[in-house]
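Hi,

Here is the structure I promised to pass on.

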Amino acid sequence: MSDIVARARALADDLLFPAAGAVDAAGEVPGAHLDALADAGLYGLTGPVSAGGLAADRATVHGVVEALAGGDLSTTFVWLQHLLAPGMIAEAPEPLRGGFLADLCAGRVRSGIALLAATRPGPPAITARREGDVFVLDGGVPWVTGWAHVDVVLVAARDAADVVHFLLVDAVAGDGLDVVPQQLVAVQASSTVGLRLTGHAVPVSRLVRSVPLDRWQAGDPAGLRLNGSLALGLTARCARLAELPSLDADLADVRAQLDAAGPDGLPDARAAAAALAHRATGLLAVATGSRSVSRGHPVERLAREALFLLVFGSRPAIRTALLHRLGG
Ligand SMILES: Cc1cc2nc3c(=O)[nH]c(=O)nc-3n(C[C@H](O)[C@H](O)[C@H](O)COP(=O)(O)OP(=O)(O)OC[C@H]3O[C@@H](n4cnc5c(N)ncnc54)[C@H](O)[C@@H]3O)c2cc1C
């Protein structure tokens with residue numbers, strides 16, 4: 001295990017898991033927990049060393065996400081949204097790169113994402129039109145996680161020629177930017193909001209990258225591995241609590257399937273991971289007994305989180321594979 005993964009495991013076991021029930025009940029991730037991740041360098045996990053990042057390889061990133069998800073899914077989920085920005089800003093033009101990269105890697109500036117306009121076909125969720133030195137954004141997305149904890153949001157918006165523009169938008173309500181808190185039965189503490197943009201102007205200097213929609217979508221399946229680590233982390237926590245060796249073996253199998261899968265195999269591997277987390281919480285509940293269903297018991301929280309992982313970060317191919325695995 002790399003030093004970085006070991007650091008994440010220690011944070012998960014010593015800080016996040018002991019507090020996860022209280023975080024869930026309060027419906028709010030403590031800022032101190034995210035500060036602890038930043039202090040451990042984890043906001044810079046995917047950023048370049050030259051800007052203070054850890055430039056971790058894929059296996060390390062997956063290991064860190066799995067370790068943290070086994071501590072507290074809400075905290076991990078907020079932090080996870082940040083990971084895309086440092087990598088993309090590292091390849092952005094100046095002055096954006098110099099203005100943001102080191103702060104993103106240190107966690108002094110924290111980012112969310114709103115990617116629906118890049119991932120879903122059909123009419124764009126958010127449109128962009130260029131007017132002089134600004135992009136004007138209109139539309140909305142139902143899910144932006146971490147709103148109370150981010151300074152900027154990486155927003156995907158599409159123009160009339162189906163080019164996706166990724167813009168670093170200030171996470172400040174007003175001037176045609178509004179948010180509505182989502183009410184969730186799991187990860188409510190993740191501060192997830194619906195975002196609406198009405199003629200919201202973003203300076204062209206905040207343009208991170210422009211990519212034709214078909215090119216972005218062609219690369220999408222290759223990026224599906226990461227969210228599978230959330231389900232692995234939840235399963236690992238269940239395996240430790242239930243002390244069921246068969247669950248450890250299944251966990252190792254599904255992790256290996258995710259690691260070996262190429263873009264064509266990832267939807268099924270993601271479905272396997274989500275289905276395993278769902279089954280693991282069921283096993284843990286049975287092994288624990290009736291107190292599992294007492295409000296506030298760790299098992300009922302983990303079961304609600306497994307429900308969330310059945311649908312989060314899905315794609316049509318994952319959904320089909322998961323329906324099949326669950327007997328649908
Ligand atoms: C609690 C929560 C928090 C979230 N936070 C964020 C966030 O911070 N940032 C963010 O960007 N997203 C976020 N998401 C969005 C999430 O990743 C997407 O909702 C998910 O990937 C799409 O699955 P869906 O079932 O919601 O489908 P929907 O987005 O509701 O899509 C509806 C239908 O459109 C079609 N469709 C969707 N995507 C595709 C595709 N790629 N190719 C072909 N057809 C498609 C399918 O037929 C699908 O059933 C969050 C979701 C949840 C539940």
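Before the packing makes sense you need one cut-off: two residues are in contact if their C-beta atoms, placed from the backbone, lie within 7 Å. Also keep in mind that this is a predicted model.

Let's begin with helix H1, which covers residues 3-26. Its buried residues are Ile4, Val5, Ala8, Leu11, Ala12, Leu16, Ala20, Val23 and Asp24. What do the buried residues of H1 pack against? There are four partners: helix H2 (31-39), helix H3 (58-69), helix H4 (73-82) and helix H12 (298-311).

H1 has 24 residues, and from its first C-alpha to its last it reaches 32 Å, close to the 34 Å expected at 1.5 Å a residue. There is a bend in it, though: a kink of about 55° is centred on alanine 20, and Ala20 is also one of the buried residues listed above.

Now the domains. The chain is divided into domain 1 (3-106), domain 2 (111-212) and domain 3 (224-325). Between the C-alpha centres of domain 1 and domain 3 the distance is 21 Å. The two touch: 14 residues of domain 1 are in contact with 13 residues of domain 3. On the domain 1 side, the elements that give two or more residues are H1, H3 and H4. H3 gives the most there, with seven residues. If you sort that side by class, you get eight nonpolar, four polar and two charged residues.

Then there is the ligand. Where does it lie relative to the domains? Domain 2 and domain 3 both give residues to the shell around the ligand, so it lies between them. There are 21 residues around the ligand, and those that come nearest are Leu115, Arg120, Trp143, Thr145 and Ser314. Strand S1 (111-114), helix H7 (116-119) and strand S3 (134-144) are the elements that give two or more residues to this shell. Which of them has the largest share? That is S1, with three residues.

If you open the model, I'd look at H1 and its kink at alanine 20, then move on to the residues nearest the ligand, including Trp143 and Ser314.

Cheers

Conventions
Residues numbered from 1 in each chain as written. Predicted model: local features only at pLDDT ≥ 70, side-chain atom pairs only at ≥ 80, totals over all residues. Expected span 1.5 Å × (residues − 1). Bend = angle between axes of the 7 residues up to and from the residue. Buried ≥ 20, exposed ≤ 12 C-beta atoms within 10 Å, placed from the backbone. Near = placed C-beta within 6 Å. Domains from an automatic or database assignment. Nonpolar A, V, L, I, M, F, W, Y, C, P; charged D, E, K, R; others polar.
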